[in-house]
Amino acid sequence: MKHVKLHIPGPVEVSEKTFRAFCSPMIGHRGQGFKDLYARMQPQLQTLLSTRQLVYLSTSSAWGVMEGAIRNLTAKKVLNCMCGAFSDKWLDVSRRCGKEADGLQVPWGSPIRASEIEKRLATGQFDALTLIHNETSTGTMSPLAEIAALKQKFPDVMFIVDAVSSMTALPIKFDELGIDVLLAGTQKAFALPPGLTVFTCSPAALAKAATAKDRGYYFDFVEFQKNAAESMTPSTPSIGHVYALASKLEDFFAEGLEARYARHLKLATQTRQWAAGHGFTLFPEAGYESVTLTCVNNGAKPGGRTVDVAKLQKLVKDQGFLIDGGYGKIKGTTFRLSNMGDETEATMAQLYAALDGAMKQL
Ligand SMILES: *Cc1c(COP(=O)(O)O)cnc(C)c1O
(Lines give C-alpha, C1' and ligand atoms only; values in the text may rest on other atoms or scores of the structure.)
Protein backbone atom coordinates (compact mmCIF):
# COMPACT_ATOMS: atom_id res chain seq x y z
CA MET A 1 0.00 0.00 0.00
CA LYS A 2 1.28 3.46 -0.84
CA HIS A 3 2.27 5.45 2.23
CA VAL A 4 0.23 8.59 2.84
CA LYS A 5 2.57 11.23 4.25
CA LEU A 6 1.53 12.50 7.66
CA HIS A 7 0.73 16.18 8.06
CA ILE A 8 -1.49 15.56 11.07
CA PRO A 9 -0.21 17.03 14.35
CA GLY A 10 1.09 13.75 15.64
CA PRO A 11 2.27 11.22 15.02
CA VAL A 12 4.29 12.95 12.34
CA GLU A 13 6.38 11.63 9.50
CA VAL A 14 9.49 9.67 10.59
CA SER A 15 12.67 9.77 8.49
CA GLU A 16 14.43 6.75 7.00
CA LYS A 17 17.52 7.57 9.08
CA THR A 18 15.45 7.50 12.27
CA PHE A 19 13.85 4.19 11.32
CA ARG A 20 17.25 2.67 10.60
CA ALA A 21 18.46 3.76 14.04
CA PHE A 22 15.26 2.40 15.62
CA CYS A 23 16.07 -1.02 14.13
CA SER A 24 19.57 -1.24 15.61
CA PRO A 25 20.42 -4.68 17.06
CA MET A 26 19.10 -5.14 20.60
CA ILE A 27 21.33 -4.68 23.65
CA GLY A 28 20.76 -5.29 27.36
CA HIS A 29 19.42 -2.30 29.27
CA ARG A 30 21.68 -2.89 32.28
CA GLY A 31 24.82 -3.31 30.19
CA GLN A 32 27.59 -0.83 29.48
CA GLY A 33 26.43 -0.39 25.88
CA PHE A 34 23.09 1.02 26.98
CA LYS A 35 24.64 3.16 29.69
CA ASP A 36 27.09 4.61 27.17
CA LEU A 37 24.27 5.33 24.74
CA TYR A 38 22.17 7.15 27.37
CA ALA A 39 25.19 8.94 28.87
CA ARG A 40 26.19 10.20 25.43
CA MET A 41 22.72 11.69 24.92
CA GLN A 42 22.38 13.21 28.40
CA PRO A 43 24.34 16.44 27.72
CA GLN A 44 22.47 16.92 24.44
CA LEU A 45 19.13 16.45 26.17
CA GLN A 46 20.19 18.89 28.88
CA THR A 47 21.13 21.45 26.24
CA LEU A 48 17.82 20.92 24.47
CA LEU A 49 15.86 21.53 27.69
CA SER A 50 18.34 24.15 29.00
CA THR A 51 18.74 22.34 32.28
CA ARG A 52 21.41 20.99 34.59
CA GLN A 53 18.91 18.42 35.87
CA LEU A 54 19.03 14.89 34.49
CA VAL A 55 16.65 14.23 31.62
CA TYR A 56 14.62 11.03 31.90
CA LEU A 57 13.32 8.62 29.28
CA SER A 58 9.95 7.00 29.89
CA THR A 59 8.69 4.19 27.72
CA SER A 60 5.15 5.46 27.49
CA SER A 61 3.22 8.00 25.55
CA ALA A 62 2.99 11.44 27.14
CA TRP A 63 -0.08 10.58 29.18
CA GLY A 64 1.95 8.17 31.28
CA VAL A 65 4.16 10.98 32.57
CA MET A 66 1.23 13.45 32.66
CA GLU A 67 -0.63 11.09 34.96
CA GLY A 68 2.58 10.28 36.82
CA ALA A 69 3.17 13.97 37.53
CA ILE A 70 -0.24 14.17 39.20
CA ARG A 71 0.45 11.11 41.31
CA ASN A 72 3.96 12.23 42.29
CA LEU A 73 3.23 15.89 42.96
CA THR A 74 -0.36 16.51 44.08
CA ALA A 75 -0.91 16.15 47.83
CA LYS A 76 -3.53 18.85 48.39
CA LYS A 77 -5.25 19.90 45.17
CA VAL A 78 -4.26 20.43 41.56
CA LEU A 79 -5.34 23.29 39.29
CA ASN A 80 -5.68 22.05 35.72
CA CYS A 81 -5.49 24.87 33.16
CA MET A 82 -7.93 23.99 30.38
CA CYS A 83 -8.04 25.44 26.87
CA GLY A 84 -8.55 22.47 24.56
CA ALA A 85 -9.00 18.71 24.34
CA PHE A 86 -5.69 17.64 25.91
CA SER A 87 -5.65 20.19 28.71
CA ASP A 88 -9.36 19.58 29.47
CA LYS A 89 -8.64 15.87 29.78
CA TRP A 90 -5.96 16.49 32.41
CA LEU A 91 -8.68 17.48 34.92
CA ASP A 92 -10.43 14.18 34.31
CA VAL A 93 -7.14 12.28 34.65
CA SER A 94 -6.35 14.08 37.94
CA ARG A 95 -9.71 13.02 39.37
CA ARG A 96 -9.27 9.46 38.11
CA CYS A 97 -6.04 9.42 40.13
CA GLY A 98 -8.20 10.17 43.17
CA LYS A 99 -6.88 13.72 43.55
CA GLU A 100 -8.74 16.87 44.47
CA ALA A 101 -8.73 18.91 41.27
CA ASP A 102 -10.24 22.09 39.86
CA GLY A 103 -10.27 23.39 36.31
CA LEU A 104 -9.35 26.83 35.08
CA GLN A 105 -11.32 26.73 31.86
CA VAL A 106 -11.00 29.28 29.07
CA PRO A 107 -12.73 29.06 25.68
CA TRP A 108 -11.00 26.82 23.15
CA GLY A 109 -8.71 28.94 20.98
CA SER A 110 -7.84 31.27 23.86
CA PRO A 111 -4.52 30.96 25.68
CA ILE A 112 -4.20 30.54 29.43
CA ARG A 113 -3.28 33.86 30.99
CA ALA A 114 -0.99 34.35 33.98
CA SER A 115 -3.44 36.76 35.63
CA GLU A 116 -6.17 34.08 35.71
CA ILE A 117 -3.81 31.52 37.22
CA GLU A 118 -2.63 34.02 39.80
CA LYS A 119 -6.19 34.64 41.02
CA ARG A 120 -6.76 30.94 41.49
CA LEU A 121 -3.41 30.16 43.15
CA ALA A 122 -3.90 33.11 45.52
CA THR A 123 -6.72 31.13 47.19
CA GLY A 124 -3.99 28.95 48.68
CA GLN A 125 -5.92 25.78 47.85
CA PHE A 126 -3.48 24.36 45.34
CA ASP A 127 -0.12 22.65 45.55
CA ALA A 128 0.14 21.70 41.87
CA LEU A 129 -0.70 23.22 38.52
CA THR A 130 -0.88 21.66 35.06
CA LEU A 131 -0.37 23.63 31.89
CA ILE A 132 -0.21 22.59 28.28
CA HIS A 133 2.21 24.93 26.57
CA ASN A 134 1.01 24.26 23.03
CA GLU A 135 -2.59 22.99 23.03
CA THR A 136 -2.45 20.79 19.96
CA SER A 137 -6.21 20.45 19.52
CA THR A 138 -6.64 24.21 18.97
CA GLY A 139 -3.17 25.17 17.71
CA THR A 140 -2.85 27.68 20.55
CA MET A 141 0.28 28.49 22.58
CA SER A 142 -0.01 29.91 26.08
CA PRO A 143 2.57 32.46 27.28
CA LEU A 144 4.80 30.10 29.24
CA ALA A 145 7.36 32.65 30.50
CA GLU A 146 4.67 34.88 32.01
CA ILE A 147 3.00 31.93 33.65
CA ALA A 148 6.25 30.44 34.94
CA ALA A 149 7.12 33.80 36.50
CA LEU A 150 4.29 33.13 38.99
CA LYS A 151 6.41 30.39 40.50
CA GLN A 152 8.25 33.17 42.40
CA LYS A 153 5.02 34.12 44.15
CA PHE A 154 3.87 30.55 44.71
CA PRO A 155 7.07 28.58 45.33
CA ASP A 156 5.22 25.66 46.94
CA VAL A 157 3.02 25.02 43.93
CA MET A 158 4.40 22.41 41.55
CA PHE A 159 4.33 23.77 37.99
CA ILE A 160 3.83 20.81 35.61
CA VAL A 161 4.21 21.71 31.95
CA ASP A 162 3.32 19.60 28.93
CA ALA A 163 5.40 20.68 25.95
CA VAL A 164 4.41 17.64 23.91
CA SER A 165 3.91 19.48 20.64
CA SER A 166 6.33 22.35 21.20
CA MET A 167 9.56 20.92 22.65
CA THR A 168 12.38 21.16 20.05
CA ALA A 169 10.40 23.67 17.95
CA LEU A 170 11.14 26.68 20.11
CA PRO A 171 13.40 27.28 23.11
CA ILE A 172 11.99 26.17 26.48
CA LYS A 173 14.53 26.97 29.17
CA PHE A 174 13.65 24.70 32.05
CA ASP A 175 16.05 25.98 34.71
CA GLU A 176 15.51 29.63 33.84
CA LEU A 177 11.72 29.27 33.84
CA GLY A 178 11.95 27.69 37.28
CA ILE A 179 9.15 25.21 36.57
CA ASP A 180 9.02 21.77 38.17
CA VAL A 181 8.23 19.26 35.43
CA LEU A 182 8.63 19.54 31.67
CA LEU A 183 7.63 16.67 29.43
CA ALA A 184 7.17 15.76 25.77
CA GLY A 185 6.10 12.65 23.91
CA THR A 186 8.36 11.96 20.95
CA GLN A 187 5.85 11.46 18.14
CA LYS A 188 5.22 15.18 17.80
CA ALA A 189 7.97 17.74 17.18
CA PHE A 190 10.76 15.21 17.87
CA ALA A 191 9.55 13.24 14.81
CA LEU A 192 10.18 9.85 16.41
CA PRO A 193 7.69 6.99 16.49
CA PRO A 194 5.16 7.14 19.36
CA GLY A 195 6.00 5.34 22.60
CA LEU A 196 8.67 7.43 24.33
CA THR A 197 8.44 10.48 26.58
CA VAL A 198 11.33 12.78 27.48
CA PHE A 199 11.01 14.67 30.77
CA THR A 200 12.82 16.37 33.61
CA CYS A 201 12.06 17.44 37.19
CA SER A 202 13.26 20.23 39.47
CA PRO A 203 15.02 19.33 42.74
CA ALA A 204 11.87 20.56 44.55
CA ALA A 205 9.70 18.21 42.49
CA LEU A 206 11.97 15.27 43.33
CA ALA A 207 11.89 16.16 47.03
CA LYS A 208 8.11 16.37 46.99
CA ALA A 209 7.74 13.15 45.00
CA ALA A 210 9.79 11.36 47.65
CA THR A 211 7.03 12.13 50.17
CA ALA A 212 4.13 10.98 47.95
CA LYS A 213 2.73 7.73 49.24
CA ASP A 214 0.74 6.53 46.24
CA ARG A 215 3.07 7.40 43.42
CA GLY A 216 3.27 3.82 42.21
CA TYR A 217 6.32 2.33 40.54
CA TYR A 218 6.28 2.68 36.76
CA PHE A 219 6.07 6.48 36.85
CA ASP A 220 7.86 7.05 40.16
CA PHE A 221 9.95 10.17 39.56
CA VAL A 222 12.34 9.20 42.36
CA GLU A 223 13.09 5.93 40.53
CA PHE A 224 13.69 7.84 37.30
CA GLN A 225 16.19 10.10 39.04
CA LYS A 226 17.98 7.25 40.80
CA ASN A 227 18.32 5.27 37.59
CA ALA A 228 19.20 8.22 35.37
CA ALA A 229 22.10 8.99 37.72
CA GLU A 230 23.51 5.66 36.49
CA SER A 231 22.43 6.21 32.87
CA MET A 232 19.60 3.73 33.17
CA THR A 233 15.80 3.65 33.27
CA PRO A 234 13.70 2.11 36.08
CA SER A 235 12.27 -0.66 33.89
CA THR A 236 13.24 -2.10 30.51
CA PRO A 237 12.88 0.79 28.05
CA SER A 238 11.98 0.62 24.39
CA ILE A 239 15.62 0.40 23.36
CA GLY A 240 14.76 1.01 19.71
CA HIS A 241 13.39 4.41 20.73
CA VAL A 242 16.58 5.22 22.61
CA TYR A 243 18.66 4.51 19.49
CA ALA A 244 16.23 6.57 17.43
CA LEU A 245 16.44 9.46 19.88
CA ALA A 246 20.24 9.38 19.76
CA SER A 247 20.06 9.61 15.97
CA LYS A 248 17.52 12.43 16.15
CA LEU A 249 19.62 14.43 18.60
CA GLU A 250 22.51 14.20 16.10
CA ASP A 251 20.16 15.71 13.51
CA PHE A 252 19.04 18.51 15.85
CA PHE A 253 22.59 19.57 16.64
CA ALA A 254 23.78 19.17 13.04
CA GLU A 255 21.05 21.59 11.96
CA GLY A 256 21.57 23.79 15.02
CA LEU A 257 18.81 24.46 17.54
CA GLU A 258 18.40 28.11 16.52
CA ALA A 259 17.99 27.07 12.88
CA ARG A 260 15.48 24.42 13.93
CA TYR A 261 13.44 26.98 15.86
CA ALA A 262 13.56 29.47 12.98
CA ARG A 263 12.49 26.77 10.54
CA HIS A 264 9.42 25.89 12.58
CA LEU A 265 8.36 29.54 12.88
CA LYS A 266 8.89 30.16 9.18
CA LEU A 267 6.90 27.11 8.10
CA ALA A 268 4.05 27.88 10.50
CA THR A 269 3.98 31.45 9.17
CA GLN A 270 3.79 30.15 5.60
CA THR A 271 0.91 27.86 6.52
CA ARG A 272 -0.97 30.76 8.11
CA GLN A 273 -0.38 32.66 4.86
CA TRP A 274 -1.69 29.72 2.85
CA ALA A 275 -4.88 29.79 4.93
CA ALA A 276 -5.30 33.56 4.58
CA GLY A 277 -4.65 33.29 0.85
CA HIS A 278 -7.66 31.00 0.54
CA GLY A 279 -9.93 33.26 2.59
CA PHE A 280 -9.74 31.32 5.85
CA THR A 281 -9.24 32.79 9.30
CA LEU A 282 -7.34 31.02 12.09
CA PHE A 283 -8.92 29.38 15.13
CA PRO A 284 -6.45 30.56 17.82
CA GLU A 285 -6.65 34.04 19.22
CA ALA A 286 -4.33 36.37 17.28
CA GLY A 287 -0.82 36.42 18.72
CA TYR A 288 -1.06 32.96 20.29
CA GLU A 289 -0.75 30.76 17.19
CA SER A 290 1.30 27.60 17.47
CA VAL A 291 4.62 27.34 15.64
CA THR A 292 4.22 23.61 15.00
CA LEU A 293 0.73 23.39 13.53
CA THR A 294 -1.96 25.63 12.13
CA CYS A 295 -5.54 25.22 13.29
CA VAL A 296 -7.63 26.73 10.49
CA ASN A 297 -11.05 28.11 11.40
CA ASN A 298 -13.78 26.54 9.31
CA GLY A 299 -16.93 27.81 10.96
CA ALA A 300 -16.06 27.20 14.62
CA LYS A 301 -15.77 30.97 15.00
CA PRO A 302 -17.40 33.67 12.91
CA GLY A 303 -15.46 34.96 9.92
CA GLY A 304 -13.67 33.51 6.96
CA ARG A 305 -14.41 30.83 4.46
CA THR A 306 -15.74 27.35 5.15
CA VAL A 307 -15.34 24.14 3.16
CA ASP A 308 -16.40 20.52 3.47
CA VAL A 309 -13.48 19.28 5.56
CA ALA A 310 -14.06 15.58 4.94
CA LYS A 311 -13.96 16.27 1.21
CA LEU A 312 -10.84 18.42 1.57
CA GLN A 313 -9.14 15.63 3.50
CA LYS A 314 -10.06 13.06 0.86
CA LEU A 315 -8.87 15.21 -2.05
CA VAL A 316 -5.57 15.86 -0.26
CA LYS A 317 -5.20 12.20 0.67
CA ASP A 318 -5.64 11.18 -2.97
CA GLN A 319 -2.52 13.26 -3.62
CA GLY A 320 -0.58 11.45 -0.87
CA PHE A 321 -0.99 13.63 2.24
CA LEU A 322 -2.91 13.12 5.45
CA ILE A 323 -4.27 16.24 7.14
CA ASP A 324 -6.38 16.45 10.27
CA GLY A 325 -10.08 17.25 10.14
CA GLY A 326 -10.33 18.88 13.58
CA TYR A 327 -10.31 17.39 17.07
CA GLY A 328 -13.10 16.80 19.57
CA LYS A 329 -15.87 19.36 19.61
CA ILE A 330 -14.26 21.40 16.79
CA LYS A 331 -14.04 18.46 14.37
CA GLY A 332 -15.17 19.66 10.96
CA THR A 333 -15.41 23.28 12.06
CA THR A 334 -11.62 23.49 12.06
CA PHE A 335 -8.86 21.55 10.33
CA ARG A 336 -5.20 21.26 11.25
CA LEU A 337 -2.02 21.28 9.20
CA SER A 338 1.22 20.20 10.88
CA ASN A 339 4.64 21.56 10.02
CA MET A 340 6.49 19.96 12.92
CA GLY A 341 9.50 17.67 12.87
CA ASP A 342 11.58 17.39 9.72
CA GLU A 343 9.47 19.51 7.37
CA THR A 344 11.20 22.00 5.11
CA GLU A 345 10.07 24.77 2.77
CA ALA A 346 10.31 22.24 -0.06
CA THR A 347 8.19 19.56 1.64
CA MET A 348 5.61 22.11 2.81
CA ALA A 349 5.41 23.49 -0.74
CA GLN A 350 4.27 20.01 -1.83
CA LEU A 351 1.55 20.04 0.82
CA TYR A 352 0.37 23.54 -0.18
CA ALA A 353 0.27 22.42 -3.83
CA ALA A 354 -1.91 19.45 -2.90
CA LEU A 355 -4.15 21.71 -0.80
CA ASP A 356 -4.37 24.24 -3.66
CA GLY A 357 -5.37 21.45 -6.03
CA ALA A 358 -8.04 20.25 -3.59
CA MET A 359 -9.43 23.74 -3.03
CA LYS A 360 -10.05 24.11 -6.77
CA GLN A 361 -12.38 21.12 -6.58
CA LEU A 362 -14.36 22.36 -3.56
C1 LIG B 1 -0.51 14.35 21.67
C2 LIG B 1 -0.58 15.13 22.92
C3 LIG B 1 -0.75 14.52 24.16
C4 LIG B 1 -1.03 13.07 24.34
O5 LIG B 1 -0.02 12.29 23.91
P6 LIG B 1 -0.15 10.70 23.93
O7 LIG B 1 1.02 10.36 23.12
O8 LIG B 1 -1.44 10.32 23.28
O9 LIG B 1 -0.07 10.28 25.33
C10 LIG B 1 -0.73 15.32 25.27
N11 LIG B 1 -0.56 16.63 25.20
C12 LIG B 1 -0.42 17.25 24.02
C13 LIG B 1 -0.24 18.74 24.01
C14 LIG B 1 -0.42 16.53 22.85
O15 LIG B 1 -0.27 17.15 21.68
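In this predicted model, S61, A62, W63, M66, F86, I132, N134, T136, D162, V164, Q187 and K188 surround the ligand, each with a heavy atom within 4 Å of it. The model is predicted, with local features requiring pLDDT of at least 70 and side-chain atom pairs pLDDT 80 or more, whereas totals for chains, interfaces and linings use all residues. Residues are numbered from 1 along each chain as its sequence is written, and side-chain values use heavy atoms, without hydrogens and water.

**Ligand shell**
- The shell comprises 6 nonpolar, 4 polar and 2 charged residues.
- Helix 3 (residues 62–73) supplies the largest share of the shell, 3 residues; helices are DSSP runs of H or I with at least four residues, and strands are runs of E with at least two.

**Polar contacts (pairs of N or O atoms within 3.5 Å)**
- A side-chain N or O atom of Q187 lies 2.6 Å from a ligand oxygen atom.
- K188 places a polar side-chain atom 2.6 Å from an oxygen atom of the ligand.
- For W63, a backbone N or O atom is 3.0 Å from a ligand oxygen atom.
- Of the 380 Å² of accessible area that the ligand has on its own, the protein covers 89% (Shrake-Rupley method, 1.4 Å probe).

**Backbone geometry**
- Most residues other than glycine have a negative phi, and most peptide bonds are trans.
- The G10 to P11 peptide bond is cis, with omega near -10°; P11 lies in the loop between strand 1 (5–6) and helix 1 (16–22).
- T168, not a glycine, has a positive phi of about 90° and sits in the loop between strand 8 (158–162) and helix 7 (174–177).
- T168 is buried at 2% relative accessibility (buried means under 20% relative accessible area, with a 1.4 Å probe and protein chains only).
- A191, also not a glycine, has a positive phi of about 60°; A191 is in the loop between strand 9 (181–185) and strand 10 (197–201) and is buried, at 0% relative accessible area.

Conventions
Polar contact = N/O pair within 3.5 Å; in protein donor to acceptor, adjacent residues only side chain to side chain. Nonpolar A, V, L, I, M, F, W, Y, C, P; charged D, E, K, R; others polar. Buried < 20%, exposed > 50% of the residue type's maximum accessible area, 1.4 Å probe, protein only.
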